[in-house]
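Please look through the sequence and the model below before reading on. The paragraphs that follow move from one region to the next.

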Amino acid sequence: MKAVYLALGLGLATVGTAAAQQPAGYQINLDLQNIQNDRVKVVINTPAVKEQQATYVIPSVVPGSYSKKDYGRFVTDFKAFDKQGKRLKVKNDGPNLFVIDNARSLTRLEYLVDDTWDAKQDDSFIFQPGGTNIDAGRNFTINHYGFYGYLEGYKMQPYQVSVQKPAQLYGATALDVRRESATQDVFTAPDYVTLADGPILYARPDTASFCTGGARISVAVLSENGVVKATDVSQMLRPMSEALTKFFGKMPVPRYQFLFYFPSLNSPLNSKNGGYGAMEHSYSSLYFLPEIPDPDRLRSIVLEVASHEFLHMLAPLNIHSREIGEFDFRNPKMSQHLWLYEGVTEYVSQLVQVRGGLISPDEFRERMKAKIDNAGKYDNVSFTEMSRRILEAPYKDMYQNVYEKGALIGLLLDIRIRELSQGRQTLRDVLLALREKYGPTRSFEDNQLIPEIVALTSPELQPFFDRYVVGKEPLPLAEYLGKIGWVYAPVGQTRVKAFGNLGFGYDAEKDQFRAVKTKPDENAFGLKEGDVIVAVNGQAVTMQTAEKLLRPLVEPKTADPMRVKFRSGAGPEQERQATPREFEVEVKNLVEPVPTLTSAQQALQDGLLK
């Protein structure tokens with residue numbers, strides 16, 4: 001594509017003097033050295049425009065995000081100029097559109113951009129991994145669609161972004177880059193879609209990398225207090241990356257860039273609701289995760305989020321509809337296949353972990369049970385209809401269900417494909433066949449995906465889609481989970497080990513962990529609401545040790561006794577020992593292994609999990 005656009009630019013250069021002086025595509029200058037009131041200046045030399053009036057578009061919605069963002073509201077002091085430096089008339093058409101008169105003479109745009117991370121955290125607040133951060137001299141988190149857009153009709157022109165930056169900062173990205181000097185980087189992309197797909201994290205350099213499956217995996221980290229290091233994160237990610245290599249045979253991409261921002265636990269950048277997460281891109285992903293000092297807890301969070309985002313290199317990078325491949329940043333038409341892009345991706349991320357030995361089969365079953373619990377919070381609607389209308393009420397409030405019911409659709413679909421083929425074909429095989437046919441540059445027609453999957457597998461798979469994906473029937477959990485030797489019941493009796501009804505909360509002001517949601521006669525230690533937990537088994541409870549020490553008190557895995565040292569109010573410290581007991585409890589959405597597997601169940605379960 002790049003050669004085509006360059007050829008077009010050279011063709012325009014023969015038309016006349018004005019066009020000859022104007023380079024092909026967009027030449028953007030981003031000044032990160034001279035920050036004005038926490039705003040960055042953007043200067044854009046534009047491609048030649050044929051129309052008398054042009055509209056400069058800042059995205060309202062972006063790929064991988066399923067809600068309106070309206071990035072244009074962060075743009076101020078917008079100006080347009082001709083080649084003599086004369087200002088052209090500009091008017092706004094909503095928050096994201098700048099309409100320019102006499103556009104045939106347009107050569108340059110200038111404006112200032114505010115960052116989104118510092119904006120008021122109301123209903124319009126942009127989730128940090130999809131936003132921008134301007135922290136002069138320390139960090140710039142650049143999602144390109146938060147800084148610049150495109151002229152309507154000229155989205156597929158090439159882009160060159162020259163960044164003037166502080167010498168001590170390094171810009172990590174998956175984009176093509178030339179490091180011109182200590183204070184200048186030049187990033188290039190063949191079109192706006194590719195540019196928007198490659199965020200940049202500018203920070204003091206802390207990077208690491210490794211190779212697996214023919215791919216170079218790079219990691220860049222910004223940790224506000226220096227608690228988390230890139231080498232540590234790299235070691236966390238390597239087993240998961242190698243598990244992916246085993247699952248697919250080789251990596252679907254030649255390179256991949258992880259970008260991590262770890263705010264401190266008391267950072268003003270944290271979301272008021274405590275939300276963290278990440279946003280996927282084709283060759284990278286950008287993370288906003290808490291700077292947790294407990295290595296085990298940190299590893300758990302990193303793997304849970306990264307395993308999902310990493311897998312987006314399969315879908316939608318290599319498997320996507322025209323709605324994504326030719327994304328309309330102004331008035332997007334949403335694909336009907338969130339069950340694939342997010343649901344199947346989430347399912348496969350869990351499957352890869354259990355098959356790679358990163359989690360146990362019991363943990364995998366527990367995670368699927370949790371997804372059944374969470375999916376129950378949402379109405380049964382057509383998943384394809386919800387996907388198409390995800391920007392509208394009431395569907396926009398159902399988005400989280402793509403990770404819950406969407407993942408269960410993936411699990412049940414995999415079971416059904418295995419069953420129909422007698423184990424000779426799996427959902428993985430279908431995904432790889434689709435990747436082989438389409439890949440990064442070819443889109444499928446949205447209404448043809450399900451018929452194509454049926455053609456790749458069996459006509460008997462069509463009723464599954466008709467009833468549970470296009471239709472809105474409840475998923476046949478008992479029937480399908482029974483095929484792999486799991487008992488499912490909406491309500492059931494089971495026995496659990498516990499120290500009683502006991503929970504813990506963190507008092508940030510006093511840096512203490514306290515007993516919550518309990519009474520002395522409800523737990524084995526006699527703890528009451530608000531008691532300060534000082535130590536467990538002789539080890540002090542701190543932010544670094546809390547997860548390791550307190551988790552076994554809430555979810556004991558063994559019958560071993562435990563000692564808890566605590567303090568009630570201003571009284572002296574006390575220490576009590578207790579042993580967990582088994583309780584007969586009623587649970588919602590019981591998912592348990594059958595006592596004895598049939599040969600058919602054993603074969604399906606082994607094929608799935610081993």
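Which polar contact joins the side chains of Ser 282 and Asp 197, and at what distance in Å? The two side chains are joined by a polar contact of 2.5 Å, where a polar contact is a pair of N or O atoms within 3.5 Å, one able to donate a hydrogen and the other to accept it within protein, and residues adjacent in sequence count only if both atoms are side-chain atoms. This is a predicted model, in which local features need pLDDT of at least 70 and side-chain atom pairs count only at pLDDT 80 or more, while totals for chains, interfaces and linings use all residues. Residues are numbered from 1 along each chain as its sequence is written, and side-chain values use heavy atoms, with hydrogens and water left out.

Ser 282 sits in the loop between strand 20 and strand 21; helices (H or I, at least four residues) and strands (E, at least two) are DSSP runs, numbered from the N terminus. With a relative accessible area of 16%, Ser 282 is buried, a term that means under 20% relative accessible area, as against exposed at over 50% and partly exposed in between (1.4 Å probe, protein chains only). When its neighbours within four places in sequence are left aside, Ser 282 is in contact (heavy atoms within 4.5 Å) with Asp 197, Val 253, Tyr 256, Met 313 and Leu 317.

The loop between strand 21 and helix 5 holds Asp 294, which is buried at a relative accessible area of 4%. Asp 294 caps the N-terminal end of helix 5, with a side-chain oxygen 3.1 Å from the backbone nitrogen of Asp 296. Neighbours within four places in sequence aside, the contacts of Asp 294 are Met 543, Gln 544, Glu 547 and Lys 548.

Helix 5 itself (residues 295-311) has 17 residues and reaches 24 Å from its first C-alpha to its last, close to the 24 Å expected at 1.5 Å a residue, the expected span being 1.5 Å times one less than the number of residues. Its buried residues include Leu 298, Ile 301, Val 302, Val 305 and Phe 310. Among the elements that cover the buried residues of helix 5 are helix 4 (230-248), strand 19 (255-262) and helix 7 (338-355).

What is the angle at which the axes of helix 4 and helix 7 cross? The axes come within 9 Å and cross at roughly 100°, and helix 4 and helix 7 are therefore roughly perpendicular to each other. Ala 243, Leu 244 and Phe 247 in helix 4 meet Val 348, Leu 351, Val 352 and Arg 355 in helix 7.

Just after helix 10, Gln 422 takes a positive phi of about 55°.

The last stop is Asp 531, in the loop between strand 24 (512-516) and strand 25 (532-536), which counts as buried at 2% relative accessibility. A polar atom of the Asp 531 side chain lies 3.0 Å from the backbone nitrogen of Lys 528, and a polar contact of 2.8 Å joins the side chains of Asp 531 and Ser 568.

Conventions: Axes are lines fitted to C-alpha atoms, for helices over the stretch in contact, and angles run from 0 to 180 degrees between N-to-C directions. Angles under 35 degrees count as roughly parallel, over 145 as roughly antiparallel, 65 to 115 as roughly perpendicular and the rest as oblique.
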